[in-house]
Structures are given as structure tokens and as C-alpha cells.
Amino acid sequence: MTTPSSVGTPDAVVIGAGPNGLVAANILADAGWQVVVCEEQPEPGGGVRSGPGPADGFVYDHCSAFYPMAISSRAIGSLELERYGLRWLHADEVLAHPLPDGRAAVLSRDLHRTAEGLDELAAGDGAAWRRLYGLWEELGPHLLDALFVPFPPIRTGLRLVAKLRLTGLLRFTRFALLPVRRLAEEEFSGPAALLLAGCALHADLMPESAGSTVYGWLLAMLGHQYGWPVPEGGSGQLTAALVRRLEQHGGVLRCGDAVRQVVVRGGRAVAVRTASGEEIPARRAVLAATAVTQLYGGLVGWEHLPPRLRDDLRRFQWDYSTFKVDWALRAPVPWQATGVAGAGTVHVAASLDEMTEYTAQISMGRVPARPFLLAGQMTTADPCRSPRGTESLWAYTHVPRRVRGDAGGDLTGSWDEREREAFADRLEAQIERYAPGWRELVIARRITAPGQLQASNANLVGGAINGGTTSVHQQLVFRPTPGLGRPETPIAGLYLASSSAHPGGAVHGACGANAARAALHATRAHAQRAAAAGIRLGIGR
């Protein structure tokens with residue numbers, strides 16, 4: 001491991017070696033900056049890691065697994081990670097949603113095949129799906145450009161306005177704000193809308209949540225245009241490519257020594273201090289790819305921050321906690337419905353009503369009786385994830401951050417061994433409804449409860465994987481608090497580079513890229529102080 005002293009005083013210190021931190025570090029290194037990345041864990045990656053298990057010869061992904069946002073990301077794409085060993089693989093089908101009657105809604109990269117399948121489930125739904133993709137073809141590139149840049153996206157926003165004009169803009173805004181349940185009522189007569197609703201539930205959005213349509217539509221349409229690929233060999237290979245690129249461009253990665261303080265002098269971030277007591281100077285900038293609640297009032301003391309920010313952060317809303325199970329199976333899952341076996345991702349819920357019931361129970365603080373499952377068939381997508389003829393399977397679901405009861409039993413949210421095993425059994429029972437007898441194939445399983453997720457990655461606070469709620473009241477200029485919405489902070493030379501910043505969760509690297517570009521844009525102290533003053537003005541007193 002290279003030390004900062006051996007390479008001179010760093011231009012920038014990046015706190016956190018997850019995807020946002022590593023993307024930021026690469027962009028700074030490309031600009032000729034000397035960069036040091038500090039990571040608390042013994043290995044880099046954050047939620048983008050993989051390892052052996054849960055049985056010999058199997059590979060499991062620690063948290064994230066499929067990457068539609070990464071392959072479509074301008075920030076990650078610009079790094080050309082394929083030159084550094086990354087290889088994307090795809091399952092035959094992107095997504096499947098099995099139904100209780102033995103049929104399934106299936107999303108393929110092939111639009112025609114998808115529409116034909118939906119028409120077989122309900123006449124006319126294929127045409128409705130084509131209309132949604134037509135809207136994506138018209139607006140998708142502009143939306144991706146707008147999504148991945150700091151708020152407000154002035155240039156891309158003006159292009160969208162020019163393309164849509166006033167009446168088109170109003171209609172698209174209505175579409176974007178629609179709850180996915182309402183979209184289902186307006187556009188579909190069959191289960192096609194379950195594909196969109198399931199995609200919305202990748203975040204913490206109920207089918208009745210404003211904005212759930214646009215989130216579900218975005219992920220589904222990315223499936224057509226880009227697919228939902230996986231890195232060959234495990235999600236850790238995406239991290240490995242980022243690290244190799246950084247090191248080849250002169251960056252330094254330090255693992256196993258957490259940053260405990262951002263040193264502020266004269267209103268400017270000038271260094272970080274680690275758990276070992278070492279102070280690492282930063283000539284130009286400090287980028288914090290950390291949860292916002294860890295940065296403000298944690299790494300940076302409240303005495304350096306506007307008083308109103310403390311009250312705003314008290315109102316900061318996390319997304320739901322996450323509970324995950326990985327299985328090693330001696331054979332693929334015996335799904336009853338055609339098309340599910342070839343899908344990389346499977347959504348498990350009987351109906352839109354069951355999804356609503358699930359999210360309502362979480363909202364009331366109750367552990368769901370029939371949890372919605374987001375499942376990944378990893379060997380189906382990448383044959384090297386397990387021995388020939390077997391399957392590496394995982395599924396996760398959301399649970400309340402503070403459990404007040406259990407809609408399906410006597411769980412309390414302590415998530416001790418008994419509760420972990422009992423709830424894992426509940427997840428297995430959900431899959432059993434659509435694949436009878438599959439539990440007989442289980443060789444071993446690995447259970448990860450919310451507290452275990454946080455212990456392995458401090459950014460996953462309480463098991464939240466999106467850096468804060470995806471709801472509209474905490475997006476854009478409201479993320480992470482009103483008056484921010486950009487990577488600049490009230491401290492000159494300090495930038496927020498985590499998913500707590502706009503545009504939020506998912507592996508796209510945009511939060512880190514935005515922070516890096518903001519740092520490059522304001523290289524002089526007076527420019528940094530002006531940016532910090534603007535943020536203080538936006539926050540208020």
C-alpha cells in the first residue's frame with residue numbers, strides 16, 4: 001500500500017471507496033490531481049463487492065448485483081472500464097414477474113418479444129408498452145443527461161423544453177408524477193403494469209407514491225435499451241476495474257483506516273484525520289462519499305455548519321431497511337411459469353394489491369406477512385458464479401427501520417438468529433408459491449439482516465441501500481436537505497459525493513462524478529469560498 005507521504009501532498013482526499021468515491025477519484029486523477037482514497041473496510045467497493053459462498057464453488061454478491069444504471073451512466077461509461085478487465089454479461093431475459101396462475105410477464109431486451117408476450121396476457125397491453133418505449137426513444141437520452149448532472153440541469157433542461165414545448169412538457173410532467181397504480185388503470189388491462197410497479201419497488205416507492213411511474217418506467221426502458229447486465233465473475237469485478245484504473249493513473253487507495261474527522265481551518269477543508277491518528281493533508285479538496293448524516297455533525301462538527309442544517313438533517317428520511325438471503329442451489333429454480341427460468345431478475349408478488357399491502361405494512365412499522373421479493377438468478381446471468389448445473393440465487397426485501405409489530409408472526413425487529421432464520425423462511429415460502437419444491441434444492445444459505453449490512457458498510461445506515469428515500473420530497477433541490485441539491489457544501493473545498501446527494505441511489509457513479517467536477521471547477525480558494533457561501537445562503541440561518 002502506497003502512503004501519501006511517498007507521493008507528495010495529495011491534491012484531494014476521497015473518503016470512501018465505494019463506486020461513487022472511486023468514480024470521483026478516477027475523474028480527478030484523469031485531470032492530473034494526486035488523489036488518495038481512504039476506506040474504512042479492509043477492501044474497497046462498499047455495496048459493490050462479491051466473495052465466495054454460501055457454499056464451495058459459489059460466488060455471491062454482497063449487496064448490488066445487476067447494473068442497468070451503471071451501463072447507461074455517462075460517468076462510468078467515460079472511464080472505459082472494459083479496458084481494465086470489466087466484462088458485462090446478460091441473462092436471456094431481463095426481468096420476469098411470475099403470476100399465481102402459472103403465467104408470467106417477461107421483459108426482454110427485444111421490444112417486439114416483450115410486447116407480444118404482454119399481448120398474450122391481455123390484448124392491447126403490448127401496444128401500450130410500445131407507446132411507453134416510444135416515449136423513451138423520444139426523451140430517454142435527454143433524461144439520462146439531465147439525471148446524471150448537478151441540479152438544476154440547465155442545458156439538458158432547455159433541450160427538453162424545446163423538444164416538448166409547453167403542452168408536451170405539462171403532459172410529461174403529469175406522467176412523471178403519476179403513481180404507478182394510476183398508470184396501470186390508464187394504460188393496461190392485464191399484468192403488464194406489474195413490471196413497472198416491481199421496478200418502482202427497487203426503491204422505497206409504494207404503487208400509490210407520486211413519481212413511482214417514472215422510476216419504474218426508467219428502469220424498465222433501460223432494460224430494453226441496455227439490459228440489466230452483471231459483471232463477469234461477481235460485482236466485485238466492477239470495483240476491481242475502477243481500482244486498477246485509478247492506480248494506473250497514479251491514485252492511491254488506503255483500506256482499513258477509517259477517516260474520523262475532516263479538518264476545517266478558516267472555514268475550509270484542509271485535511272482528514274484517520275482512526276490511527278494520522279492527518280492527511282488535501283491541497284485542493286476533500287470529497288466525502290459518505291452518508292450525509294455521517295458527514296454533517298460527524299466528520300464535520302456542528303460548530304462549522306449553519307444552525308438550520310442541523311434541524312434539516314433531523315428531518316432527513318432514510319429509505320427502508322433491507323433483508324437479504326443468498327442461496328446455493330444444486331439445480332436451477334423450478335419455476336412453473338414459462339420465461340422465468342431465463343430471467344436474470346425475478347419479481348415475486350401475486351398482484352399490485354399484494355405490493356400495496358406489503359408497502360403499507362412497512363409504512364406502519366410492521367414486518368410484511370408476504371414480502372415482495374427482488375430475486376437474482378446469478379448463474380443464469382453469469383455461468384461462472386457456481387458449478388455447472390447449479391444456481392447461485394439471492395433475494396432481498398424491505399422491512400421497517402423501526403419495527404412496531406409483525407403482520408405475519410411474532411418478529412420484533414431484533415433480528416437475532418431466531419428472527420433472521422424465521423424471516424428467511426418467510427422469503428423462501430414466497431418463492432415456493434411459484435416454484436413448488438425448490439427448497440429441496442438448497443445446499444446452503446447466507447442471511448444478511450439490516451444491522452449486518454451497516455456493519456459491513458457504514459453508508460448503509462440501518463440497512464438502507466439508496467442513501468435516503470427516493471420520494472419526491474427528498475429529490476432534486478431537496479436532496480439531502482432543502483437548499484442543497486448539489487455536491488458543494490457549506491465548507492469551502494468539501495464536497496458531498498455519496499448517494500445522499502443528487503441524483504441519489506443506484507450504482508451510476510454520478511454523485512461522485514458531480515463532486516469531482518465541482519472540485520475541478522473551483523480549484524482556487526476564493527472560488528471554493530464563493531461556492532460554500534452560496535450553499536449557506538440556500539440553506540439559510
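**Aromatic rings, helices and sheet**

Reply: Trp 136, Phe 172, Phe 175 and Trp 217 come together as one aromatic cluster. This is a predicted model, with local features needing pLDDT of at least 70 and side-chain atom pairs pLDDT 80 or more, while totals for chains, interfaces and linings use all residues. Residues are numbered from 1 along each chain as its sequence is written, and side-chain values use heavy atoms, leaving out hydrogens and water.

In total, the structure holds 13 aromatic pairs (Phe, Tyr or six-membered Trp rings with centres within 6.5 Å; planes under 30 degrees apart are stacked, over 60 edge-to-face, the rest tilted). One of them joins Tyr 358 and Phe 372, whose ring centres are 6.0 Å apart and whose planes meet at 50°, so this pair is tilted. Because Tyr 358 sits in helix H13 (residues 352-363) and Phe 372 in the loop between strands S16 (366-367) and S17 (373-377), the pair ties together parts 14 residues apart in sequence. Helices (H or I, at least four residues) and strands (E, at least two) are DSSP runs numbered from the N terminus. Both Tyr 358 and Phe 372 are buried (under 20% relative accessible area with a 1.4 Å probe, protein chains only; over 50% is exposed, in between partly exposed).

Trp 394 and Tyr 396 make a stacked pair, with 5.9 Å centre to centre and 10° between the planes. Trp 394 has 5% relative accessibility, so it counts as buried; Tyr 396, at 10%, counts as buried too.

Burial also marks the helices. In helix H8 (residues 193-200), eight of eight residues are buried, among them Leu 194, Leu 195 and Cys 199. Helix H1 (residues 19-30) has eleven of its twelve residues buried, including Pro 19, Val 23 and Ile 27. The cover over H1 includes S1, S2, S13 (285-288) and helices H3 (74-77), H10 (236-248) and H17 (510-521), with contact meaning heavy atoms within 4.5 Å. At 1.5 Å a residue, H1 should span 16 Å, which agrees with the 16 Å between its end C-alpha atoms (expected span: 1.5 Å times one less than the number of residues). After H1 comes Gly 32, with a positive phi near 90°.

S1, S2 and S13 belong to an open sheet of five strands, ordered S9-S2-S1-S13-S21 with parallel pairing (at least two DSSP bridges between two strands). Its edges are S9 (252-255) and S21 (494-496), each pairing on one side only. Four bridges join S1 (residues 12-15) to S2 (residues 35-39), and Val 14 has Val 37 in S2 as its bridge partner.
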